[in-house]
Amino acid sequence: MTGAMNSLLTSLRLQLKRSFDRIRNENLKRNALQAIPFWMASLVTGIFAVLYTKLFVAAEDLTTLIFNHHAWMLFILSPICFVFAWWLVQRYSPYARGSGIPQVMAAIQISTPKTTKIVDKLLGFRIIFIKVLSSLVMALGGGAIGREGPTIQIAASIYKIVYQLLPKWWPKIAKRNMMVTGAAAGLAAAFNTPLGGIVFAIEELTKTHFSYYKTAIFSSVIIAGLAAQALLGPYLYLGYPKLDGLSAYIFFGVALVAIIAGIAGAGMSKLILFIFAWKAKFKFTYHHILYVIGCALIMAFLAFFVNQDVLGSGKDIMQKTLFTSDKYVTWYTPLLRIGGPLVSFTTGAAGGIFAPALGAGASLGSLVASWFKVSDIDTNMLILSGMVGFLTGVTRSPFTSVILVLEMTDRHNVIFHLILAGMIASLVAILVDKHSLYDHLKVQYIKDLNTVEETELTEQVEKADNTE
């Protein structure tokens, strides 16, 4: 079977080469050949993002159905799902854990011809399979995780795989360009936010001048987005909240929410890093298993005895507070929406933190609005400000946060309000930690990879010495 597939690929490559050899214009030929891999990967990314979205939503809906009919079952379902999701990652692909964005950042930073084997541990076929499976199992167990970070690592893996399939005669394309573009396309397809994908690539991923990436990123984001829309339709991630007729003094509320949300986002990130450092001291596997079971039982306990809002990605909170008359959350909802992702993310299973961060920010904005009993329209503004502020506190990417929220809601008349929220949140978050959660995790992944590489090299040397 494998031999037949290789023969077919070889035949297709030769046929393609003959076709392009007939083109007389060398510049046209080179530009077309360099663009085709990005277009192919973009199309696959858009389709894959839609399928993953449908599976993820189905898993969350099934959890809600089970909870609504037999809430006690969560005490059985959550531990089983959490442990299985963690085991999948530990056993088959350790670098598929968590969000996936720090892994992409690490892969981009260390990518050289000499580090191909190391990058393969961060991006590839196995990563895609385990990432999807582990995150779906976590979602089924009620984990407060998102699919957006995983989609970015999956998309970067798809682009890297396409790069590896290119024949030797193909015009040279930088692997780093493929990975950066893949991440941007993944975010665009996950949220249906093309500008968000572009800004994310500029603000979070690229350390060189944007001119090296602009053509590939623009075309890839467009194709991935169109592929997703072809299957899902022209949708908004959230919808059209009412924001006409804001109060003149709402800027003060935006600033207050941004301060609270920025500190809270950075604080949650700090707690996550503290727990990871504590878990690194675990000496035995059963310590990790007990921790994962404990996290699952905490989630089940909070959902059963306190409020169901602790479960899932947090999108329900955003939609309820923005689009219904039930504008105000209870005082403890922000604690649930911060504690849920904190507990779920630190298990070591796959799952993102983008959507949970937005949900936590929305609950904070709603809570602050309830303090001052502002109008529904002003409440919507504070909710969006909280989303921008909290996500900025986690990622330290204020412009990405602003553009994402703008594109999710199609409310560009409040762009200055949201930029204010993003900038204030970015400034206050520094008081908690100078670096983002993603930066800390990226550094840790690179250290881990270097340690593993040194260990493997030492073992190979010792094996060779013993053989002699």
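Biologist: Why is F284 called partly exposed?

Modeller: First, this is a predicted model, in which local features need pLDDT of at least 70, side-chain atom pairs count only at pLDDT 80 or more, and totals for chains, interfaces and linings use all residues. Residues are numbered from 1 along each chain as its sequence is written, and side-chain values use heavy atoms, with hydrogens and water left out. Buried means under 20% relative accessible area, exposed over 50%, and partly exposed in between, with a 1.4 Å probe and protein chains only; F284 has 47%, so F284 is partly exposed.

Biologist: What makes C81 buried or exposed?

Modeller: The relative accessible area of C81 is 6%, which is under 20%, so C81 is buried. C295, at 3%, counts as buried too.

Biologist: How many disulfides are there?

Modeller: The count is zero, where a disulfide is a pair of cysteine sulfur atoms within 2.5 Å.

Biologist: How many aromatic pairs does a search of the whole structure find, and why is the pair of F84 and W87 called stacked?

Modeller: The search finds 17 aromatic pairs. Rings of Phe, Tyr and Trp (its six-membered ring) pair if their centres lie within 6.5 Å, and planes under 30 degrees apart count as stacked, over 60 as edge-to-face and the rest as tilted. The ring centres of F84 and W87 are 6.1 Å apart with planes at 15°, so this pair is stacked.

Biologist: What is the relative accessibility of F84 and of W87?

Modeller: F84 has 37% and W87 has 36%, so each counts as partly exposed.
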